[in-house]
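Please keep the sequence and the model in view while reading.

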Amino acid sequence: MNVLMLLKPKETVKYIYENNTLRQGLEKMRAHSYTAIPVISEDGKYRGTVSEGDFLYYILDMRTGKITDREKHRVRDIVRHDFNPAVRIDVSMDELLHRAVNQNFVPVVDDLGTFIGIVTRQDIIIAFIDKIEKG
């Protein structure tokens, strides 16, 4: 088993761009009922993941409730580069499993750091159950 067998390709995954406004990022997360979402650059490089909490704390620190203020700030202002780190396509299944313990999804990048998709914790668990059941 390898990561490609579990990969949800970029074309099927929701993500936001680091240049999106906070409002755009929040709207996309809300529309899809996500609590966290990958962030990529315009050229497709993985930049990190943002969570609902990241948006909330940033907005609270702005000390304003005006929706127009969320248009002035970009997702790149809140992305945490050390949160939900990506793995390379050649990651071992052991490493992937360890990452999934602490992350709902694991972002996957190619050798150049380009975002190619995610592997969800649920898909990893299902794959291991199938493997155990098949012997």
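V106 has V119 in β7 as its bridge partner, and P107 stands opposite I118 in β7. These pairs belong to strand β6 (residues 105-109) and strand β7 (residues 115-120), which pair in the antiparallel sense over five bridges; two strands are taken to pair if DSSP finds at least two bridges between them. Helices (H or I, at least four residues) and strands (E, at least two) are DSSP runs, numbered from the N terminus. The model is predicted, so local features need pLDDT of at least 70 and side-chain atom pairs count only at pLDDT 80 or more, while totals for chains, interfaces and linings use all residues. Residues are numbered from 1 along each chain as its sequence is written, and side-chain values use heavy atoms, with hydrogens and water left out.

β6 and β7 form a hairpin with five residues between the strands, where G113 takes a positive phi near 85°. On β5, R88 stands opposite V109 in β6, and two bridges join β5 to β6, which run parallel. Together these strands are part of an open sheet of four strands with mixed pairing, in the order β1-β7-β6-β5; its edge strands, β1 (8-9) and β5 (87-88), each pair on one side only. Strands of a sheet pair through backbone hydrogen bonds, either parallel or antiparallel.

How much of β6 is buried? Five of the five residues of β6 are buried, so this strand is largely enclosed by the rest of the structure; buried here means under 20% relative accessible area, exposed over 50%, and partly exposed in between, with a 1.4 Å probe and protein chains only. In a regular strand the side chains alternate between the two faces of the sheet. In β6, F105, P107 and V109 are buried on one side, and V106 and V108 are buried on the other.

**Helices across the sheets**

In α4, M93, L96 and A100 are buried. Seen down the axis of α4, its buried residues fall within an arc of 55°, so they line one face of the helix; the arc is that of the directions from the helix axis to the C-beta atoms. On the other side of α4, D94, H98, V101 and N102 are exposed. The cover over the buried residues of α4 includes α1 (3-6), β5, β6, β7 and α5.

β2 and strand β3 (residues 36-40) pair in the parallel sense over two bridges, and I16 stands opposite V39 in β3. β3 and β4, by contrast, run antiparallel and are joined by five bridges, with S51 in β4 as the bridge partner of A36. These two strands form a hairpin with five residues between them, and G44 in the turn has a positive phi of about 90°. β4 is mostly covered, five of its six residues being buried.

**Nonpolar cores**

A nonpolar core is a set of buried Ala, Val, Leu, Ile, Met, Phe, Trp, Tyr and Cys residues joined through side-chain atoms within 4.5 Å. The largest has 13 residues, of which V3, L6, V87, L96, V108, V119 and I124 touch the most other members. At least two residues of this core come from each of α1, α4, β6 and α5, and α4 supplies the largest share, three residues. V119, not counting residues up to four places away in sequence, touches V3, L6, L7, L96, F105, V106, V108 and I124. Another core, of 12 residues, lies apart from the largest one and has L22, M29, V50 and M62 among them.

Conventions: Contact = heavy atoms within 4.5 Å.
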